[in-house]
Amino acid sequence: MSTPPETAYSAPAIYSLPSANGSDLPAAPSGSPESPPWGVLSALITWFLSIAAVALVPVLCVQPYVAYRFKNGPPPTQEVLLADKTFVFLFVLGWVPAHLLTLALIWAVATRLGKYSLREVVGFSWSPDFKLGKSVGVAISLFVMAWLIAAFSGAKKTDLDQILDSSRAAALTLAFIAVATAPLIEEMIYRGLLYSALQRVIGRWFAIIVVAAMFAGLHVYQYRQNIGAILSISLLSLVLTYIRARTGRLLPCFVIHLVFNGVQSLIIVFEPYLRAIAEHWRPQPTTSVLIQLLHFLV
């Protein structure tokens, strides 16, 4: 079965979203983002397996190192492992194969093993009224808002901060993953598989709330020490899911997520130089602002 052209499934504006059952809209063509060839159960199973992959694959990746490094001593404690720079680096590196496995699973579910075009079935194209410029603008605005939230709520260190502090190699690897794989995987899972399936069952408004809460909720433990980071990721999740509903496309969400993470990754890469500049110009009022930003991001 051939998939319909992209213009056949452009979504209406968010202010005209239907009621919960979606009965006031014409049926979307099969194999489109609004009528995907997968159901809620398939989306939830894929979501669960993606979490399992991120949790288990890095552990498997570090097992050979742990076995070699501690072969002549007692089993290492968690504190000992987290203090080992090589262990932390290999663990972070393990997220790359975990994401690649997840991407393969997403392709299998979304395309029915190649029966559909992945690009068309998830809406990986621009909306006529929401393209690159608007996406970048939204991403920068969200980043500024996240920084303001952190500045007012305080920037306490999180688990990711410990990884960034572990070694330069771990920090650079995390910055790479935050741009190269994380935005694509997370958008495909949440705004792609989950939202597309849920909006058919519970309606768009409820789907926005549920998907935004699922994405933010998964990060709560990760950022549990920092209420500002939790509020920021919740805002990002809500805006991304809203834009997915408004445009009917996934590409704007991906670009927003990519730019948002990209700014943070650039700061991680150039953090030593930025910190040196901040220390050099400490008497100036702008210094404290830069330091607050660095504390939030690294």
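User: Which way do α3 and α4 run relative to each other, roughly parallel or roughly antiparallel?
Analyst: Keep in mind that this is a predicted model. Helix α3 covers residues 85-93 and helix α4 covers residues 95-111, and the two pack at an angle of about 10° with their axes 4 Å apart. Angles under 35 degrees count as roughly parallel, so the answer for α3 and α4 is roughly parallel.

User: Which residues make the contact of α3 with α4?
Analyst: Each helix brings its own part to this contact. From α3 come F91, V92 and L93, and from α4 come W95, V96 and P97.

User: How far apart are the end C-alpha atoms of α6, given its 22 residues?
Analyst: Helix α6 takes in residues 132-153, and at 1.5 Å a residue it should span 32 Å. The model agrees with that, as the end C-alpha atoms of α6 are apart by 31 Å.

User: What arc around the axis do the buried residues of α6 cover?
Analyst: The buried residues in α6 are S135, V138, A139, L142, F143, A146 and A150. They sit on the same side of α6, because the arc they cover around the axis is only 140°.

User: Is R112 exposed or partly exposed?
Analyst: R112 is in the loop between α4 and α5, and its phi is positive, about 55°, although it is not a glycine. Its relative accessibility is 43%, and the range from 20% to 50% is the in-between class. So R112 counts as partly exposed.

User: What about L113, buried or exposed?
Analyst: L113 is also in the loop between α4 and α5, and it too has a positive phi, near 60°, without being a glycine. Its relative accessibility is 65%, and the cut-off for exposed is over 50%. So L113 counts as exposed.

User: What separation do the C-alpha atoms of G248 and G123 have?
Analyst: G248 is in the loop between α11 and α12, and it is buried, with a relative accessible area of 0%. Along the chain, G248 and G123 are 125 residues apart, yet the separation of their C-alpha atoms is 6.9 Å.

Conventions. Residues are numbered from 1 along each chain as its sequence is written. This is a predicted model: local features need pLDDT of at least 70, side-chain atom pairs count only at pLDDT 80 or more; totals for chains, interfaces and linings use all residues. Side-chain values use heavy atoms; hydrogens and water are left out. The expected span of a helix is 1.5 Å times one less than its number of residues. Buried means under 20% relative accessible area, exposed over 50%, partly exposed in between (1.4 Å probe, protein chains only). The arc is that of the directions from the helix axis to the C-beta atoms. Axes are lines fitted to C-alpha atoms, for helices over the stretch in contact, and angles run from 0 to 180 degrees between N-to-C directions. Angles under 35 degrees count as roughly parallel, over 145 as roughly antiparallel, 65 to 115 as roughly perpendicular and the rest as oblique. Contact means heavy atoms within 4.5 Å.
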